[in-house]
Amino acid sequence: SYTTFNYSDIKLSSNTLTKGNTITASVTLSNTGQYEGKEVVQLYIRDLVGSITRPVKELKGFQKVSLKPGESKEVSFTITENDLKFYNSELKFVAEPGDFKLFIGTNSRDVKEASFSLK
């Protein structure tokens, strides 16, 4: 892209996700450059306390956003219990209660960060 973008801090609708419910994570994306551009906003999640070794960051969603110079837009992702599931050592597809980190940014390195728990 020939322009630059700025991400606000992440806003979570709740710091706790309970079974059957969802959390919404949102950021405000602003085009701070002089040209119209497109940005792919990426959502990553990290399981901090899994019963097996988990990836440092897993891509769980993305959205392509087009903004004019000076324009801003709120980008939201809905996180469900299904987004946190993995195959455990008994090959069961489960979501284990515990602490998670959520990352939103332009790539896996340049991200904003927030934390939440699954109860």
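Where is Asn31 found in this fold? Asn31 is found in strand S4, which covers residues 22-31; strands here are DSSP runs of E with at least two residues, helices are runs of H or I with at least four, and both are numbered from the N terminus. The model is a predicted one, so to speak on its own terms: local features need pLDDT of at least 70, side-chain atom pairs count only at pLDDT 80 or more, and totals for chains, interfaces and linings use all residues. Residues are numbered from 1 along each chain as its sequence is written, and side-chain values use heavy atoms, with hydrogens and water left out.

Now for the chain as a whole. The protein chain has 11 strands and 0 helices, giving the pattern β-β-β-β-β-β-β-β-β-β-β when read along the sequence. Its C-alpha trace spans about 55 × 25 × 15 Å along the principal axes. Of the 119 residues, 37% are buried, where buried means under 20% relative accessible area, exposed means over 50%, and partly exposed is in between (1.4 Å probe, protein chains only).

As for charge, the tally is 16 positive and 14 negative side chains, and the centres of the two sets lie 2 Å apart. Lys and Arg count as positive and Asp and Glu as negative, while His and the chain ends are not counted; a charge is placed at NZ of Lys, CZ of Arg, CG of Asp or CD of Glu.

Back to Asn31, which counts as buried at 3% relative accessibility. Leaving aside neighbours within four places in sequence, Asn31 is in contact with Thr3, Thr4, Phe5, Glu36, Gly37, Leu67, Lys68, Pro69, Gly70 and Glu71.

Next come the aromatics. The structure holds 2 aromatic pairs. Rings of Phe, Tyr and Trp (its six-membered ring) pair if their centres lie within 6.5 Å, with planes under 30 degrees apart counted as stacked, over 60 as edge-to-face and the rest as tilted. Tyr87 and Phe93 have ring centres 4.8 Å apart and planes at 40°, so this pair is tilted. Tyr87 is exposed, with a relative accessible area of 51%, and Phe93 is partly exposed at 44%. Phe100 and Phe116 make a stacked pair, because their ring centres are 5.5 Å apart and their planes at 15°. Since Phe100 lies in strand S10 (residues 98-105) and Phe116 in strand S11 (residues 111-118), the pair ties together parts that are 16 residues apart in sequence. Both Phe100 and Phe116 are buried. Another ring, that of Phe103, has the charged end of Lys57 sitting over it, 4.7 Å from its centre; this label requires NZ of Lys or CZ of Arg within 6 Å of the ring centre and within 35 degrees of the ring normal.

Finally, the loop between strand S8 (86-87) and strand S9 (93-94) holds Leu91. Phi of Leu91 is near 60°, a positive value in a residue other than glycine, and Leu91 is exposed at 67% relative accessible area. Glu90 is also found in the loop between S8 and S9 and is exposed, with a relative accessible area of 56%. The C-alpha atoms of Glu90 and Lys68 are separated by 50 Å, although the two residues are 22 apart along the chain.

Methods:
Contact means heavy atoms within 4.5 Å.
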